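Please keep the sequence and the three-dimensional view at hand while reading.

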Amino acid sequence: MAGPLLKVERLHKAFGTHEVLRGIDLEIDEGEVMCIVGPSGSGKSTLLRCLNYLEKPKSGAVFLKDEPIGVRWQGDRLYEMTFDQLARQRRRMGMVFQGFHLFPHKTVLENVIEAPIIVNRTPRRKAVEEAMALLEKVGMKDRAHYHPAQLSGGQQQRTAIARSLAMRPELMLFDEPTSALDPELVGEVLATMHQLADEGMTMVVVTHEMGFAREVADELVFMDEGVIVEQGKPADVLLNPQHERTQTFLARMR
Ligand code: ADP
Ligand code: MG
(Lines give C-alpha, C1' and ligand atoms only; values in the text may rest on other atoms or scores of the structure.)
(Ligands and ions follow the chains in the order given, each with its own letter.)
Protein backbone atom coordinates (compact mmCIF):
# COMPACT_ATOMS: atom_id res chain seq x y z
CA MET A 1 0.00 0.00 0.00
CA ALA A 2 1.31 3.40 -0.92
CA GLY A 3 -0.11 5.79 1.69
CA PRO A 4 -0.61 5.47 5.43
CA LEU A 5 -3.16 2.99 6.80
CA LEU A 6 -4.83 5.68 8.87
CA LYS A 7 -4.73 9.39 8.31
CA VAL A 8 -6.17 12.16 10.46
CA GLU A 9 -6.48 15.61 8.91
CA ARG A 10 -7.08 18.87 10.77
CA LEU A 11 -9.49 17.18 13.16
CA HIS A 12 -11.58 19.41 15.41
CA LYS A 13 -14.12 18.36 18.01
CA ALA A 14 -16.12 20.47 20.44
CA PHE A 15 -18.64 19.66 23.14
CA GLY A 16 -20.78 22.79 23.18
CA THR A 17 -18.33 25.66 23.36
CA HIS A 18 -15.56 23.46 24.80
CA GLU A 19 -13.03 22.75 22.05
CA VAL A 20 -11.60 19.39 22.95
CA LEU A 21 -9.64 18.66 19.77
CA ARG A 22 -8.09 21.69 18.08
CA GLY A 23 -6.54 20.53 14.84
CA ILE A 24 -5.07 17.05 15.04
CA ASP A 25 -3.00 15.65 12.17
CA LEU A 26 -1.69 12.10 12.30
CA GLU A 27 -0.52 9.37 9.98
CA ILE A 28 -0.12 5.73 10.93
CA ASP A 29 1.50 3.25 8.59
CA GLU A 30 0.53 -0.37 8.36
CA GLY A 31 2.27 -2.37 11.10
CA GLU A 32 3.11 0.75 13.09
CA VAL A 33 2.46 1.14 16.82
CA MET A 34 1.60 4.65 17.98
CA CYS A 35 1.34 5.43 21.68
CA ILE A 36 -0.55 8.55 22.75
CA VAL A 37 0.18 10.03 26.15
CA GLY A 38 -0.95 13.19 27.87
CA PRO A 39 -2.69 14.57 30.92
CA SER A 40 -6.23 13.64 31.83
CA GLY A 41 -8.72 15.73 29.87
CA SER A 42 -6.32 16.45 27.01
CA GLY A 43 -8.64 14.79 24.46
CA LYS A 44 -7.02 11.38 24.01
CA SER A 45 -10.22 9.33 24.36
CA THR A 46 -12.16 11.79 22.22
CA LEU A 47 -9.52 11.44 19.50
CA LEU A 48 -9.74 7.64 19.57
CA ARG A 49 -13.53 7.83 19.46
CA CYS A 50 -13.39 10.18 16.48
CA LEU A 51 -11.20 7.68 14.63
CA ASN A 52 -14.11 5.26 14.28
CA TYR A 53 -16.84 7.92 14.34
CA LEU A 54 -18.15 7.05 17.80
CA GLU A 55 -17.82 10.81 18.08
CA LYS A 56 -18.58 12.93 15.06
CA PRO A 57 -15.81 15.46 14.40
CA LYS A 58 -16.77 19.12 14.10
CA SER A 59 -14.43 19.42 11.13
CA GLY A 60 -11.51 17.64 9.56
CA ALA A 61 -11.45 14.04 8.48
CA VAL A 62 -10.19 10.54 9.17
CA PHE A 63 -9.21 8.18 6.36
CA LEU A 64 -8.70 4.44 6.56
CA LYS A 65 -6.80 3.33 3.47
CA ASP A 66 -7.91 6.55 1.78
CA GLU A 67 -11.59 5.92 2.55
CA PRO A 68 -13.18 8.69 4.62
CA ILE A 69 -14.66 7.49 7.91
CA GLY A 70 -18.33 8.15 8.56
CA VAL A 71 -18.97 10.06 5.34
CA ARG A 72 -18.99 9.22 1.68
CA TRP A 73 -18.95 11.10 -1.57
CA GLN A 74 -21.79 10.73 -3.99
CA GLY A 75 -20.98 12.67 -7.11
CA ASP A 76 -19.56 15.90 -5.76
CA ARG A 77 -21.60 15.87 -2.53
CA LEU A 78 -20.63 14.54 0.85
CA TYR A 79 -23.14 12.43 2.79
CA GLU A 80 -23.22 10.90 6.25
CA MET A 81 -22.93 7.14 5.97
CA THR A 82 -25.94 5.01 6.70
CA PHE A 83 -25.88 3.06 9.96
CA ASP A 84 -25.03 -0.15 8.09
CA GLN A 85 -22.21 1.43 6.14
CA LEU A 86 -20.81 2.90 9.33
CA ALA A 87 -21.10 -0.39 11.20
CA ARG A 88 -19.22 -2.16 8.42
CA GLN A 89 -16.48 0.45 8.50
CA ARG A 90 -16.21 0.38 12.31
CA ARG A 91 -15.57 -3.34 12.26
CA ARG A 92 -12.32 -2.66 10.42
CA MET A 93 -11.01 -1.20 13.70
CA GLY A 94 -10.94 -3.19 16.92
CA MET A 95 -11.36 -1.20 20.11
CA VAL A 96 -10.35 -2.15 23.63
CA PHE A 97 -11.31 0.12 26.51
CA GLN A 98 -10.30 0.56 30.11
CA GLY A 99 -13.33 -1.48 31.22
CA PHE A 100 -13.63 -4.91 29.68
CA HIS A 101 -17.30 -4.90 28.61
CA LEU A 102 -17.58 -8.67 28.23
CA PHE A 103 -21.03 -10.21 28.11
CA PRO A 104 -21.34 -11.38 31.75
CA HIS A 105 -23.71 -14.27 31.09
CA LYS A 106 -21.53 -15.74 28.32
CA THR A 107 -18.37 -17.78 28.66
CA VAL A 108 -15.01 -16.58 27.37
CA LEU A 109 -15.42 -18.66 24.22
CA GLU A 110 -19.00 -17.48 23.66
CA ASN A 111 -17.84 -13.88 24.02
CA VAL A 112 -15.25 -14.37 21.30
CA ILE A 113 -17.46 -16.22 18.79
CA GLU A 114 -20.50 -13.95 19.22
CA ALA A 115 -19.68 -11.29 16.63
CA PRO A 116 -18.13 -13.60 14.02
CA ILE A 117 -21.26 -15.78 14.09
CA ILE A 118 -23.91 -13.07 14.37
CA VAL A 119 -22.31 -10.34 12.29
CA ASN A 120 -20.08 -12.20 9.84
CA ARG A 121 -22.22 -15.35 9.67
CA THR A 122 -19.15 -17.49 10.21
CA PRO A 123 -20.20 -21.13 10.68
CA ARG A 124 -20.11 -21.99 14.38
CA ARG A 125 -17.51 -24.73 14.04
CA LYS A 126 -15.13 -22.42 12.19
CA ALA A 127 -15.76 -19.56 14.63
CA VAL A 128 -14.94 -21.85 17.57
CA GLU A 129 -11.78 -23.07 15.87
CA GLU A 130 -10.60 -19.51 15.21
CA ALA A 131 -11.61 -18.36 18.68
CA MET A 132 -9.65 -21.14 20.37
CA ALA A 133 -6.56 -20.19 18.36
CA LEU A 134 -6.97 -16.56 19.49
CA LEU A 135 -7.55 -17.62 23.09
CA GLU A 136 -4.38 -19.65 22.95
CA LYS A 137 -2.54 -16.62 21.63
CA VAL A 138 -3.71 -14.44 24.55
CA GLY A 139 -3.13 -17.23 27.06
CA MET A 140 -6.81 -17.87 27.80
CA LYS A 141 -7.37 -21.23 26.14
CA ASP A 142 -7.63 -23.10 29.44
CA ARG A 143 -10.26 -20.59 30.64
CA ALA A 144 -12.42 -20.82 27.52
CA HIS A 145 -15.44 -22.12 29.44
CA TYR A 146 -15.22 -19.72 32.39
CA HIS A 147 -17.56 -16.80 32.85
CA PRO A 148 -16.12 -13.27 33.19
CA ALA A 149 -16.95 -13.08 36.91
CA GLN A 150 -14.65 -16.08 37.48
CA LEU A 151 -11.70 -14.26 35.89
CA SER A 152 -9.18 -11.66 37.03
CA GLY A 153 -9.25 -8.24 35.40
CA GLY A 154 -6.17 -9.16 33.39
CA GLN A 155 -7.81 -12.34 32.11
CA GLN A 156 -10.95 -10.39 31.22
CA GLN A 157 -8.95 -7.80 29.32
CA ARG A 158 -7.02 -10.48 27.42
CA THR A 159 -10.38 -12.02 26.52
CA ALA A 160 -11.60 -8.62 25.33
CA ILE A 161 -8.52 -8.38 23.10
CA ALA A 162 -9.20 -11.84 21.64
CA ARG A 163 -12.82 -10.87 21.06
CA SER A 164 -11.72 -7.80 19.11
CA LEU A 165 -9.22 -9.80 17.08
CA ALA A 166 -11.90 -12.32 16.13
CA MET A 167 -13.34 -9.72 13.74
CA ARG A 168 -9.95 -9.52 11.99
CA PRO A 169 -9.55 -5.76 12.33
CA GLU A 170 -7.12 -3.86 10.16
CA LEU A 171 -5.98 -1.92 13.18
CA MET A 172 -6.52 -1.95 16.92
CA LEU A 173 -7.35 1.02 19.12
CA PHE A 174 -6.60 0.75 22.84
CA ASP A 175 -7.85 3.34 25.34
CA GLU A 176 -5.93 2.95 28.59
CA PRO A 177 -6.39 -0.83 28.51
CA THR A 178 -4.52 -1.40 31.78
CA SER A 179 -5.71 1.59 33.81
CA ALA A 180 -8.47 -0.30 35.61
CA LEU A 181 -6.25 -3.25 36.52
CA ASP A 182 -4.57 -4.09 39.80
CA PRO A 183 -0.85 -3.37 39.35
CA GLU A 184 0.16 -7.03 39.41
CA LEU A 185 -2.14 -7.73 36.41
CA VAL A 186 -0.90 -4.94 34.16
CA GLY A 187 2.11 -6.87 32.89
CA GLU A 188 0.21 -9.80 31.40
CA VAL A 189 -2.01 -7.49 29.35
CA LEU A 190 0.94 -5.42 28.15
CA ALA A 191 2.73 -8.65 27.21
CA THR A 192 -0.25 -9.68 25.08
CA MET A 193 -0.24 -6.27 23.39
CA HIS A 194 3.52 -6.47 22.87
CA GLN A 195 3.11 -9.84 21.17
CA LEU A 196 0.37 -8.44 18.95
CA ALA A 197 2.66 -5.59 17.94
CA ASP A 198 5.47 -8.02 17.18
CA GLU A 199 3.09 -9.93 14.90
CA GLY A 200 2.65 -6.76 12.86
CA MET A 201 -0.73 -5.45 14.06
CA THR A 202 -1.19 -1.73 13.52
CA MET A 203 -2.03 -0.24 16.91
CA VAL A 204 -2.97 3.12 18.42
CA VAL A 205 -2.54 2.91 22.18
CA VAL A 206 -3.51 5.57 24.70
CA THR A 207 -1.56 4.66 27.80
CA HIS A 208 0.29 5.88 30.87
CA GLU A 209 2.66 2.92 30.69
CA MET A 210 5.86 4.66 29.64
CA GLY A 211 7.87 1.43 29.73
CA PHE A 212 5.52 -0.09 27.18
CA ALA A 213 5.63 3.06 25.05
CA ARG A 214 9.43 3.11 25.12
CA GLU A 215 9.77 -0.56 24.22
CA VAL A 216 6.93 -1.11 21.76
CA ALA A 217 5.92 2.17 20.15
CA ASP A 218 7.36 3.26 16.82
CA GLU A 219 5.95 6.70 17.42
CA LEU A 220 5.09 8.50 20.65
CA VAL A 221 2.59 11.35 20.61
CA PHE A 222 2.22 13.78 23.48
CA MET A 223 -1.16 15.55 23.58
CA ASP A 224 -2.22 18.43 25.75
CA GLU A 225 -5.35 20.59 25.59
CA GLY A 226 -6.52 19.15 22.30
CA VAL A 227 -3.33 19.53 20.31
CA ILE A 228 -0.29 17.41 19.61
CA VAL A 229 2.48 19.18 21.44
CA GLU A 230 5.27 16.85 20.44
CA GLN A 231 5.77 13.56 18.64
CA GLY A 232 8.63 11.36 17.56
CA LYS A 233 10.58 8.25 18.37
CA PRO A 234 9.82 7.24 21.98
CA ALA A 235 13.46 7.39 23.02
CA ASP A 236 13.76 10.95 21.70
CA VAL A 237 10.53 12.23 23.22
CA LEU A 238 11.07 10.51 26.57
CA LEU A 239 14.76 11.27 27.02
CA ASN A 240 14.93 14.61 25.33
CA PRO A 241 11.51 16.31 25.33
CA GLN A 242 11.62 19.61 23.49
CA HIS A 243 8.60 21.33 24.95
CA GLU A 244 8.12 22.49 28.50
CA ARG A 245 4.67 20.92 28.73
CA THR A 246 6.10 17.53 27.71
CA GLN A 247 8.90 17.91 30.25
CA THR A 248 6.47 18.75 33.04
CA PHE A 249 4.19 15.85 32.15
CA LEU A 250 7.03 13.33 31.97
CA ALA A 251 8.55 14.56 35.21
CA ARG A 252 5.22 13.93 36.93
CA MET A 253 5.04 10.40 35.49
CA ARG A 254 8.32 9.36 37.13
P1 ADP B 1 -8.63 12.20 28.01
O2 ADP B 1 -9.02 10.89 27.45
O3 ADP B 1 -7.34 12.74 27.47
O4 ADP B 1 -8.61 12.20 29.52
P5 ADP B 1 -11.19 13.09 27.00
O6 ADP B 1 -11.10 12.96 25.53
O7 ADP B 1 -11.91 12.02 27.74
O8 ADP B 1 -9.71 13.28 27.59
O9 ADP B 1 -11.87 14.45 27.37
C10 ADP B 1 -11.40 15.69 26.88
C11 ADP B 1 -12.33 16.79 27.35
O12 ADP B 1 -13.59 16.62 26.75
C13 ADP B 1 -12.56 16.78 28.85
O14 ADP B 1 -12.61 18.08 29.29
C15 ADP B 1 -13.90 16.11 28.99
O16 ADP B 1 -14.57 16.55 30.12
C17 ADP B 1 -14.60 16.55 27.73
N18 ADP B 1 -15.60 15.57 27.27
C19 ADP B 1 -15.34 14.30 26.87
N20 ADP B 1 -16.46 13.68 26.47
C21 ADP B 1 -17.47 14.59 26.61
C22 ADP B 1 -18.88 14.56 26.36
N23 ADP B 1 -19.49 13.46 25.85
N24 ADP B 1 -19.58 15.67 26.63
C25 ADP B 1 -18.98 16.79 27.11
N26 ADP B 1 -17.66 16.88 27.36
C27 ADP B 1 -16.91 15.80 27.12
MG1 MG C 1 -9.37 9.05 28.33
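## Basis of the report

The structure is a predicted model.

## Surroundings of ligand 1

Ligand 1 is surrounded by a run of residues comprising P39, S40, G41, S42, G43, K44, S45 and T46, together with F15, H18 and V20.

Several of these residues place polar atoms beside the oxygen atoms of the ligand. A polar side-chain atom of T46 is found 2.5 Å from an oxygen atom of ligand 1. The backbone also takes part: a polar backbone atom of G41 lies 2.7 Å from an oxygen atom of ligand 1, and for a polar backbone atom of S42 the corresponding distance is 3.2 Å.

## Helices α5 and α6

Helix α5 spans residues 153–165 and helix α6 spans residues 183–198; their axes come within 8 Å and cross at roughly 20 degrees. Because angles under 35 degrees count as roughly parallel, α5 is roughly parallel to α6. The crossing of this pair, α5 and α6, is right-handed.

On the α5 side, the contact is formed by G153, G154, Q155, Q157, R158, I161 and L165, while α6 contributes L185, E188, V189, T192, M193 and L196. Sorted by class, the contact of α5 with α6 holds 6 nonpolar, 5 polar and 2 charged residues.

## Helices α3 and α4

Helix α3 covers residues 108–118, and helix α4 covers residues 124–137. The two axes come within 9 Å and cross at roughly 125 degrees, so α3 is oblique to α4. The crossing of α3 and α4 is right-handed.

From α3, the residues V108, L109, V112, I113, P116 and I117 meet R124, A127, V128, A131, M132 and L135 of α4. The contact of α3 with α4 is made up of 11 nonpolar residues and 1 charged residue, with no polar ones.

## Helices α3 and α5

Helix α3 also packs against α5, at an angle of about 25 degrees and with the axes 8 Å apart. The angle between them makes α3 roughly parallel to α5. In passing α5, α3 forms a right-handed crossing.

Here V108, N111 and V112 of α3 meet T159, A162 and R163 of α5. The residues of this contact of α3 with α5 divide into 3 nonpolar, 2 polar and 1 charged. Two of the α3 residues named here, V108 and V112, also take part in the contact with α4.

Methods: Residues are numbered from 1 along each chain as its sequence is written. Chains are lettered from A and ligands numbered from 1 in the order in which they are written. This is a predicted model: local features need pLDDT of at least 70, side-chain atom pairs count only at pLDDT 80 or more; totals for chains, interfaces and linings use all residues. Side-chain values use heavy atoms; hydrogens and water are left out. Axes are lines fitted to C-alpha atoms, for helices over the stretch in contact, and angles run from 0 to 180 degrees between N-to-C directions. Helices (H or I, at least four residues) and strands (E, at least two) are DSSP runs, numbered from the N terminus. Angles under 35 degrees count as roughly parallel, over 145 as roughly antiparallel, 65 to 115 as roughly perpendicular and the rest as oblique. A crossing is left-handed if the near helix is turned anticlockwise from the far one by less than a right angle, and right-handed if clockwise. Contact means heavy atoms within 4.5 Å. Ala, Val, Leu, Ile, Met, Phe, Trp, Tyr, Cys and Pro count as nonpolar, Asp, Glu, Lys and Arg as charged, and the others, Gly among them, as polar. A residue is near a molecule or strand if one of its heavy atoms lies within 4 Å of it. A polar contact is a pair of N or O atoms within 3.5 Å; within protein, one must be able to donate a hydrogen and the other to accept it, and residues adjacent in sequence count only if both atoms are side-chain atoms.
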